[in-house]
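Colleague: I am new to this structure. Please take me through one part of it closely.

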Amino acid sequence: MLFAGIDIGSTAAKAVLMSEDKREIVARNLMPSGWNSRETAERLLSWLMSLGYSRDDIRIIATGYGRVSVPYADSTLTEITCHGKGAAFLGGDDLTVIDIGGQDTKVIIIKNSRVIDFVMNDKCSAGTGKFLEVMANRMGLTLPEFFALAEHGKDIKISSMCTVFAESEIVSLMGLGTPREDIACGAVGSVVSKVATLVSKKASSGKYYLTGGFCESPLLIRKLSETLGSEVFTTPDARFAGAIGAALLGK
Amino acid sequence: MADYHAMWESLGMDVKTHDLLCEALPGAFGDVYLSQENRPEGMDYFNMVVAEIHGIRPAELVEHKKNGGKVVGTFCIHVPDEIPIAAGAIATGLCSGSQFWVPGGEKKLPAATCPLIKASLGARFDRTCPFFRLADLFVGETTCDGKKKAWEILAEDAPMYIMDIPQMKRPKDYEHWEDEIHGYLKRCEELTGNKVTPANLRAAIKLLNNKRKALQRLAEFRKLDNIPISGKDVLLITQIAFYDDPARITAQINKLCDELDERAKNNVSVFKKGAKRILLTGTPLSIPNWKLHHLIETLGGAVVCEEMCTGIRYYEKCVDESGSTIDEMIKHLTERYMGAIHCACFTPNFERIDDIKRLAKEYKADGVIDVNLKFCNIYDTEGYFVERELNNAGIPVLGIETDYTDQDAEQLKTRIGAFIEMLGN
């Protein structure tokens, strides 16, 4: 029996297949969640089946915002439990996991590889991936282009916490002729400061560990480390943390 | 359901708008309540009362008023119902728990006001709640700034009487509240034209103590390993206790408890084995606010206790019945209504933290969910101590903020679901 985790987030859908002993990741897949979670879930199932196993060989656990749209899953778990488990697999037994997702950000405290506490952002997209996506869109950039620009920017202050207000603030900054790289850099700083506030609400455990789509954004990781005053660890596989955790929790 | 339109018309209600509420309620009640499996039969009475929430009881109040009786509406469990009852009036709770009334309240109040206050004003100004038409006196209190100022606006349309609740619990504050209750007694006498006698007041104290004892008896079943009644059913009963006839609901609760005694003997549980036991603490859940209980209990949790105004704070302690003079009885009412209720409006309020820890133990809670109605500054701020002290005591705690809408249902599902998963691992 193999174990698969399907993590349908608000922005990206992730799937991993893990070996029978749950020690290694056999295969991984990442795709945009699109507008129809159910269709995305079906595409991930087709991919799993294309790996040469039959459905009966695999135990499938779904998680994430779209977990209810995975009709073929054997069970579902919340993304908090899964991210915690997955992060512990990748980063160690005691961690303060910082997951910056497409529509929410969470801090999960892990001790002895167990979730002991967590906090999520409120009903607001400040401090989430959505914030940067909106700002990049406003500047006519893709997220990778946006980060590439931001690397060369000066840290200016974006004072609006609200995504909608920050968007109009950025329009004004562009109107004033502020360099785009500075605006991009400032937007990343805004997310980092909001995330750091969330982190400060809980007593941390072990090292900081970043999961989610920004695990390959050196600027964000550097800024977050600076603000928290301690190194933030991550790995390219950290975007799969939810899916890995789901697979690990399969019985 | 019987047709109450003529009564609603005669009460000056906006019947057309009110019909929208009447249409929505059965669906919501069916989804949350009637879908439960293995409910005690004794819930039938409470189902009926809710099905005709704006019919049966308002009709009784209309009848009472026809005979010259008065109705006193209240918004806070610090205000002793014994007083209007002793003066021959009917006391009814007025706190509103539906989003239906919120936009009406927002016409007059800042958006950053808690939904309970907004809904209460909306219910009056939009003329869509019979209880808000029937009350001859609206008793407000100064428990928070939101309420205090809202009463001034409500007073433009409704006959208000304001009681000044102290913010500390020093001896002189008890004296002050005692004095306020004396004033309330006088006001109720004026309203009804009846003199409050020691015999009447003693009878009112007994009457409401009996209601408290029945609610306590009901709560005891929630301490069992096999809980014979759901948390949301107990919440419903508590909510109804705020406005139903006290003697009748006492009898109905006791009847239900007799049935639960049988269930307890046979170890009947309405929850799946291993359901995580949750203690709720925080701001009140007024009828028909069943959102959190419904989420928790559909996600594999069991609500075992509410350290809330719509919970333990309402019924846990009884009033000392030994008083013989009015003055003595008012002293005892003061001790109960100020001393035994630990609202975040007091500073400091560490007794509440002690209560939460004690209740978590008594009800064998696996975890605590600290609920804050959006924009309730005092409970939100006190959440700092709640979380810290529970952490120190090794009791898992989840803080959530919500309102009367359903727009955060998915996010709450994730938070509460994750919390319950965390308790299970």
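This is a predicted model: local features need pLDDT of at least 70, side-chain atom pairs count only at pLDDT 80 or more; totals for chains, interfaces and linings use all residues.

Start with the helix itself. Helix α9 of chain B covers residues 145–154. Its buried residues are Gly146(B), Lys147(B), Ala150(B), Trp151(B) and Leu154(B). Look down the axis of α9(B): these buried residues fall within an arc of 130°, so they line one face of the helix. An α-helix has 3.6 residues a turn, so residues three or four places apart point the same way. Now turn to the face of α9(B) directed away from the buried side. That face carries Asp145(B) and Glu152(B), which are exposed.

For another view of helix packing, go to α3 (residues 44–51) and α12 (residues 231–241), both in chain B. Two packed helices are described by the angle between their axes and the distance between the axes. Here the angle is about 55°, and the axes are 11 Å apart. α3(B) and α12(B) are therefore oblique to each other. The crossing of α3(B) past α12(B) is left-handed. On the α3(B) side, Phe46(B), Val49(B) and Val50(B) make the contact. From α12(B) come Leu236(B), Ile237(B) and Ile240(B). By class, this contact of α3(B) with α12(B) has six nonpolar residues, with no polar and no charged ones.

How values were computed. Residues are numbered from 1 along each chain as its sequence is written. Chains are lettered from A and ligands numbered from 1 in the order in which they are written. A residue is buried if 20 or more other C-beta atoms lie within 10 Å of its own, exposed if 12 or fewer, and partly exposed in between; C-beta atoms are placed from the backbone. Helices (H or I, at least four residues) and strands (E, at least two) are DSSP runs, numbered from the N terminus. The arc is that of the directions from the helix axis to the C-beta atoms. Axes are lines fitted to C-alpha atoms, for helices over the stretch in contact, and angles run from 0 to 180 degrees between N-to-C directions. Angles under 35 degrees count as roughly parallel, over 145 as roughly antiparallel, 65 to 115 as roughly perpendicular and the rest as oblique. A crossing is left-handed if the near helix is turned anticlockwise from the far one by less than a right angle, and right-handed if clockwise. Two residues are in contact if their C-beta atoms, placed from the backbone, lie within 7 Å. Ala, Val, Leu, Ile, Met, Phe, Trp, Tyr, Cys and Pro count as nonpolar, Asp, Glu, Lys and Arg as charged, and the others, Gly among them, as polar.
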